[in-house]
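I opened this model to look up a few things and wrote down what I found. The entries follow in the order I made them.

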Amino acid sequence: MKRQYILTFCFACLFPLQTMAASTLIFANAWIAEAPPGVKVMAGYFDVVNTGSEEVLITEITSPEFGNIEFHRTVHEDGMMKMAAQPHVHVPPGKQVKLEPNGKHMMMFNPVYRFFHGDHVTLRISLSDGSKQTIKATVKAR
Amino acid sequence: MKKSNFPIQSLLLVAVAILSLVLGLWLSQKLGGKTLVPADLDATFLPSGKPLAPFSLVDQDGKAFDVDRLKGRWTFMFFGYTNCPDVCPTTLQTMKDAWKLLDKKSLDKTQMVFVSVDADRDPPAVLKKYVNYFHPDFIGVTGKPEQMDLLTRNIGILYGFEDPQPGRKDYVVNHSGQIVLIDPAANLRAVFSPPHDPQKIAGSFQKIRNLLE
């Protein structure tokens, strides 16, 4: 019984650590490229830094303003620019990862309305440690 | 007498040889210079140009867009599709930035053309809104696959459609990232490879024109 208490205490101690792990990812410069009229797929970008000692994956991003969001990477292959779907964005410990034009990006499908330069979009980010973050991305002209 | 003429003949021969050399160098620069490639060009340049074979596409107003629409002006051409979220709008923005760097004299003799290889989703009305967003003078072009292939194969542009994922209507189109430059006689003249830079495009365009005009 005593051993069970000790284990419970240990888990209780670990739980805040897990919450703290979420804060090791710091997002910055989140922006979505303003798109021409009628376009149903937009691209979004951000910088993310992992200040922790463990790799963290960005497993999902959703937005109330978009139907769905996927991670893609533009690759130059076989003489063509291709979109390679990425299940996650890996953020290694102590590193910065940049999502940027002609590289890794969010592919954002079916905006609920047309966005213009200066608008803000909510991004709900799920991480591999089970935590979530909500950030705002600014719509910008390219 | 014979002895005294010898040096004069030799001098004359040397003089003729030097003159020939100078004349040869001058002529090679004057005439042969037309096919030289500028050393610091940020593009692949085709010294002789490659004539474009006939093709028949339509522009954003539903008007015919064929080889005749390329004649008499320089044409920058990029291939993609309007549902392309990253590469196409980024490249069109670069073309717009390069366009802004051209002087008025150049603008009058230049056109920027976005060719959509995705005719099903990009009819002229869709293209019109799309290209107009970047610049009202930009031209949007699309057409039937067999006509599109006449143009793309001719200038070495590749494209291909990926199968839609299960339960999805949207699909991705893979395509070349090059911007091509066609001269006023409808010859493929230069190819700009990604990543694109407006300064380099505008600068190389000026050098090519200086060479050929």
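**Salt bridges**

I began with E213(B), which is partly exposed at a relative accessible area of 47% (buried means under 20%, exposed over 50%, partly exposed in between, with a 1.4 Å probe and protein chains only). E213(B) forms a salt bridge with R209(B), the closest N and O atoms being 3.2 Å apart (a side-chain nitrogen of Lys or Arg within 4 Å of a carboxyl oxygen of Asp or Glu). R209(B) is buried, with a relative accessible area of 5%.

I note that this is a predicted model, in which local features need pLDDT of at least 70, side-chain atom pairs count only at pLDDT 80 or more, and totals for chains, interfaces and linings use all residues. Residues are numbered from 1 along each chain as its sequence is written, chains are lettered from A in the order in which they are written, and side-chain values use heavy atoms, without hydrogens and water.

Next I looked up K128(B), whose side chain meets that of D61(B) in a salt bridge of 2.7 Å, N to O. K128(B) is in helix α4 (residues 124-134) of chain B and D61(B) in the loop between β2 (56-59) and β3 (64-66) of that chain, so the pair ties together parts 67 residues apart in sequence (helices, H or I of at least four residues, and strands, E of at least two, are DSSP runs numbered from the N terminus). K128(B) is partly exposed at 42%, and D61(B) is partly exposed at 41%.

In chain A I found K82(A) and D78(A) in a salt bridge at 3.0 Å, N to O. K82(A) is buried at 14%, whereas D78(A) is exposed at 57%. Over all chains the search gives 14 salt bridges.

**Interface of chains A and B**

How many salt bridges cross the interface of chain A and chain B? I found zero. The contact (heavy atoms within 4.5 Å) takes 28 residues from chain A and 26 residues from chain B. On the side of chain A that touches chain B, β2 (41-50), β4 (66-77), β5 (80-86) and β8 (104-111) of chain A each give two or more residues.

**Helix α2 of chain B**

I checked the length of helix α2 (residues 87-101) of chain B: its 15 residues should span 21 Å at 1.5 Å a residue, and its end C-alpha atoms are 21 Å apart, which agrees (the expected span is 1.5 Å times one less than the number of residues). Among the buried ones I listed L92(B), M95(B) and W99(B).
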